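Welcome! Have a look at the sequence and the 3D view, and then let us walk through some questions together.

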Amino acid sequence: MPALQRDEAQIRARLIDVHRYDIALDLTQGEDRFGSRTVIHFTARTDGDTFVELRPAELHSVTLDGHPLDPADLDGNRLPLTGLAPGAHELRLDATMRYSRTGEGMHRFTDPADGESYVYTQLFLDDVQRVFAAFDQPDLKAVFALTVTAPTDWSVLGNGIATQRDPGHWTLAPTPLISSYLVAVAAGPWHSVRTEHAGLPFGIHCRRSLAPHLDADADEILDLTRRCFDRYHQIFEEPYPFDSYDQAFVPEFNAGAMENPGLVTFRDAYVFRSAVTDTERQTRGVTIAHEMAHMWFGDLVTLQWWDDIWLNESFAEYMGYQVLSEATRFTDTWTDFAVARKGWGYDADQRPSTHPVAPAPEDVPDTASALLNFDGISYAKGASALRQLVAWMGEKDFLAGINDHFARHRFSNATLADFIDSLSRATDRDVHAWAERWLRTTGADTLTPVVREAADGNWSVSVEQTGSPDGTRPHRLTVGRYDHDRTSTGRLVPREPLTWDVPDDGARSATGGRPALLLLNDQDLTYAKVRLDPVSWDTALGALSGLPDPLTRAVVWNAARDMVRDGELAPTAYLDAARAHLPYETDLALVQGVLAFARTQIADRYLPRTQRHAALATLTALSRDILRRTEGPEHGAEAGLRLTAVRAFIDSATTPEGIQDWLDDGSVPGGPRLDPELRWRILGRLATLGAAPLDELCAAIDAEFARDPSATGREGAARCHAALPDPAAKQAAWDALFTTDGPAALSNYLFTATATGFWAPEQLDLLRPYVARYFTDVPALAAARGPALAEAAGRHAFPAPFVEDHTLHLGEACLTDGNPTPALRRKLIDQLDDLRRAVKVRTAAENA
């Protein structure tokens, strides 16, 4: 299917205005297909030709202004409309469409827990044509009016209030002017919790088998929703622009959530079936706040073309963390951002596939290239840039500019230039120059302090700034200064921090002796990798857990992480720091982030294989220390730390000792009791280790699935079977992964579960033949199953444990000769760059 070209979209936007879609969907035609009838009312400005997009299973009929067109004229996904005259036109299309199993278009899911089926749409970025015919580009906004025929025991949700006229027949209130990719429908026997707030109907919805779990968290979810809604109305002058606010937690959703106006869809992993940490609850809250921000930035005011996707995602990412911290009990969101999100941006920005936050128009020539930019740059780096912009121009002026932007472009489209013009009207700062340096460049700056001490005890510091080939950026940042606490060993006390503009402020002189720790970008207000001078680094290694603020500790941990990746700090030194300080760390986000990097990157990729066992032993010992510290009822508030340590202990186990006893007993000594998530985690580790004869392991997996016959149980069983160290199990998993059509083709979630179970560093000899097979087989899979599965295959099925030059050579040959699709090519480029970095770090560790 040809991707829509930017110049084609511009020509079409000059030719036509689209006013209204009347869409009728029939969801009663079986498990594979559904009916779709579309009437499009549009106006042509001049004589001309254009086309409408549709990807049907079968196109039955088409009429333009009452005159029949030949359905056979459909070429791929384009139906030509020729000889248009100026004035009003009506296009009618009747088609049968296919349900999706990859989370694109109209996804259909049958719940193994009870056999109930659900469907929902995911129409971003150009998948509306999988559901109904459309002029599918964001700047042809229109009113959308839908009717839905569904089984009589289903309920239907949409962008507007849904009304059941008679059993099985639903009408959705027409939308205001929105872009085609924002249309949403969700249908099935939903369990719903409804309320009202600010005069609007609010609702949360999930599949029936998750009802008890949604009910348990309904008060929290709705409270967060109300608080964020009210906070947005305090800072935005434009009121919420739609008639209702529903949040549907849907199965097998590819993203975290999607900002459909009036009907936000979330992955239903956010309906927690098992115990979670408070940081994971905060992450759900950030997602709620993020998607709500899109109601204004993305839905009310929409990008004109996909080169400005950052205007949607960076803004929502920033506002999600900021508003949640201002309006709810989750006041420490920026620590989690620093640990869990910012590294995503730094990593993406150092790969060959990096791009500016706001790419040049010529760099996003079509929808296929646009889809590749939903990455750590458009989200984490863009949000970091906005946080720096607020620090630089002030929050009051920033919000004034935002409100000007909403007022000027409500229910229409806008560009980067429009956004910067609105900000400029609110401040005397040169926002245009700032945007050119921050949004049009690539790469991460590195800031290094240069400290000079005089004989009289005075000292001075300057900042050495290095950047990408595009040059460096201006930074407004805080420089933290810390001294050893004379009353408490291992603790640090802050001096008055410095506010610094780099590079404008040059060197700073000070009296009173140099601090024990000098930290650039304390409080993490800018986007730059930082380094510590030797004295400060020694202090950090000895007293990191003694820094009083978790966000300060996050900046130090991120510096250590970047130094490991850049080959400036031995992986074992990071591991030693974790072993020394995590047992005393109180911030959950930090513990989770540091353990994840130590486990998945240092132990599995950066250290030589001969050192992996010792690294895992260090992590299990560290986890055991946290478990000892959090024993007893007096430590109930530290349940999240304890759960994190339990997970890390399981994942790092090198023998079945301990975790098998936990599984047999159904509990960790001192708690917690094992819930489904922990039971599947233990079984997965036992399977990977080959901790029992194959028939016993298979029987245990099957018994656990019988105990937990849910969707996540089915995924857990697939992951465990793929993890078994058995040639037949590996072949069966491989065959399942690379089946491209028919009912045996895995859904997106089952594909990911199987792929993540398949590769294991413990099984290199068994898995080695599959490395070459991956690069041979994956291009055809990506071509056959589309961008979502291509991304999953590049991310989860890649042979990451094989940190070897041979893997690099195979991957580079695939890029050259394998003709991978754009989505797969992008993932392979990123994976190979990460692998190249890992080979370099591992080689240095072997030679140390």
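Buried means under 20% relative accessible area, exposed over 50%, and partly exposed in between, with a 1.4 Å probe and protein chains only. This is a predicted model, where local features need pLDDT of at least 70 and side-chain atom pairs count only at pLDDT 80 or more, while totals for chains, interfaces and linings use all residues. Residues are numbered from 1 along each chain as its sequence is written, and side-chain values use heavy atoms, with hydrogens and water left out.

Q: How many salt bridges does the structure hold?
A: A salt bridge here is a side-chain nitrogen of Lys or Arg within 4 Å of a carboxyl oxygen of Asp or Glu. E280, R647, D651, E677 and R681 are linked in a network of such bridges. For the structure, the total number of salt bridges is 59.

Q: How many residues apart in sequence are the parts that D708 and R273 tie together?
A: The two residues form a salt bridge, with their closest N and O atoms 2.6 Å apart. D708 lies in the loop between α19 (694-707) and α20 (711-723), and R273 in the loop between β19 (263-267) and α3 (278-294), so the pair ties together parts whose separation in sequence is 435 residues. (Helices, H or I with at least four residues, and strands, E with at least two, are DSSP runs numbered from the N terminus.)

Q: Is R329 buried or exposed?
A: R329 meets D278 in a salt bridge of 2.9 Å, N to O. D278 sits in helix α3, and R329 in the loop between α4 (309-327) and α5 (333-349). D278 is partly exposed at 36%. With a relative accessible area of 51%, R329 is exposed.

Q: Which strands stand at the edges of the open sheet?
A: Five strands form this sheet in the order β15-β16-β17-β19-β18, with mixed pairing; two strands pair if DSSP finds at least two bridges between them. One side of each edge strand is left without a neighbour in the sheet, because each has a single partner strand; these are β15 (191-197) and β18 (257-258).

Q: Which residue in β16 does S192 stand opposite?
A: β15 and β16 (residues 200-206) pair in the antiparallel sense over seven bridges. In β16, the residue opposite S192 is H205.
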